[in-house]
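Dear colleague,

I am handing over the structure that we talked about, and I would ask you to keep it open beside this message while you read. After it comes an account of what was found, written so that each point can be looked up in turn.

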Amino acid sequence: MDNFQFMRTDEGRPQAGIISPVLCNVALNGVESEVLKTFPLKKGISPGVHIIRYADDMIVTGKNPELLEKIKIVMQEFLKIRGLEFNEKKTKIVHIKEGFDFLGFNISRKNWNPRLNKGTDQETVLIIEPTAASFLRNSLKKIRV
């Protein structure tokens with residue numbers, strides 16, 4: 001609808017429109033439960049699978065690359081039924097120490113210096129910081145008062 005006039009659209013959806021995240025959430029609703037149904041708790045112990053989703057952006061964590069490859073297959077089948085598929089250019093399996101970008105932030109684990117925090121046996125610390133592109137994009141905006 002535009003100005004109370006119906007305009008036929010045969011395919012697609014507008015990018016960055018208000019309906020885009022809604023459609024993504026409708027299409028992806030249930031992906032978490034499908035994965036967890038395939039990899040359930042065993043004797044009350046988590047299989048180490050966690051899913052974080054924001055519209056069509058998603059992080060899936062797992063204990064090892066082999067588990068994540070199996071999860072990817074389950075998710076591909078889930079998407080296929082809905083006429084969707086992974087964007088292979090944006091889909092990758094990485095170790096948390098290598099880090100990854102998600103919603104304008106880089107998330108990684110870095111080695112921890114125990115001299116800075118005595119009394120801990122923690123080997124790594126989670127680091128979340130803006131990506132370089134996100135930082136530059138936001139630092140170039142003018143602040144108006």
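**Salt bridges and other findings**

Lysine 37 and glutamate 34 are joined by a salt bridge, in which the closest N and O atoms are 3.4 Å apart. Please keep in mind that the model is a predicted one. Because lysine 37 and glutamate 34 are three residues apart in helix α2, about one helical turn separates them. Lysine 37 is exposed, with a relative accessible area of 58%, whereas glutamate 34 is partly exposed, with a relative accessible area of 28%.

The count of salt bridges comes to three, and another of them is formed by arginine 53 with glutamate 32, where the closest N and O atoms are 3.1 Å apart. This pair links distant parts of the chain, since arginine 53 belongs to strand β1 (residues 50-54) and glutamate 32 to helix α2 (residues 31-38), 21 residues apart. Arginine 53 is partly exposed at a relative accessible area of 21%, and glutamate 32 likewise counts as partly exposed, at 22% relative accessibility.

In the remaining salt bridge, the side chains of glutamate 88 and lysine 72 meet at 3.1 Å, N to O. Glutamate 88 lies in the loop between α3 and β3 while lysine 72 lies in helix α3, so the pair ties together parts that are 16 residues apart in sequence. Is lysine 72 buried or exposed? With a relative accessible area of 18%, lysine 72 is buried, because buried means under 20% relative accessible area.

From the N terminus on, its elements run α-α-β-β-α-β-β-β-α. The protein chain has 145 residues, of which 21% count as buried.

The largest pocket holds about 1500 Å³ of space. Its lining is made up of 41 residues, and the closest to the centre of the pocket are Asp56, Met58, Phe86, Lys90 and Thr91. Two or more residues of the lining are given by each of the elements α1 (19-28), β2 (57-61), α3 (65-81) and β3 (100-102). Which element gives the largest share of this lining? That element is α3, with six residues. By kind, the lining residues divide into 22 nonpolar, nine polar and 10 charged.

On the surface there is also a nonpolar patch, formed by Ile18, Ile19, Val22, Leu23 and Val26, which together have about 480 Å² of accessible area. Valine 22, one of these residues, lies in helix α1 and is partly exposed, with a relative accessible area of 43%.

One last residue deserves a look for its backbone. Most residues other than glycine have a negative phi. Leucine 103, however, has a phi near 50°, a positive value in a residue other than glycine. Leucine 103 is found in the loop between β3 and β4 (105-111), and at 44% relative accessibility leucine 103 counts as partly exposed.

With best wishes

Definitions and conventions:
Residues numbered from 1 in each chain as written. Predicted model: local features only at pLDDT ≥ 70, side-chain atom pairs only at ≥ 80, totals over all residues. Heavy atoms only, no water. 1 Å grid on protein atoms, 1.4 Å probe; cavity = no way out; pocket = protein on both sides within 12 Å on 5 of 7 lines; lining within 4 Å. Points joined across faces, edges and corners; volume = space filled by probe spheres on them. Helix = DSSP H or I, 4+ residues; strand = E, 2+ residues; numbered from the N terminus. Nonpolar A, V, L, I, M, F, W, Y, C, P; charged D, E, K, R; others polar. Patch = residues over 30% accessible without salt bridge, like charges linked within 9 Å, V, L, I, M, F, W, Y side chains within 5 Å. Areas by Shrake-Rupley, 256 points an atom, 1.4 Å probe, with all protein chains shown as cover. Salt bridge = Lys/Arg side-chain N within 4 Å of Asp/Glu carboxyl O. Buried < 20%, exposed > 50% of the residue type's maximum accessible area, 1.4 Å probe, protein only.
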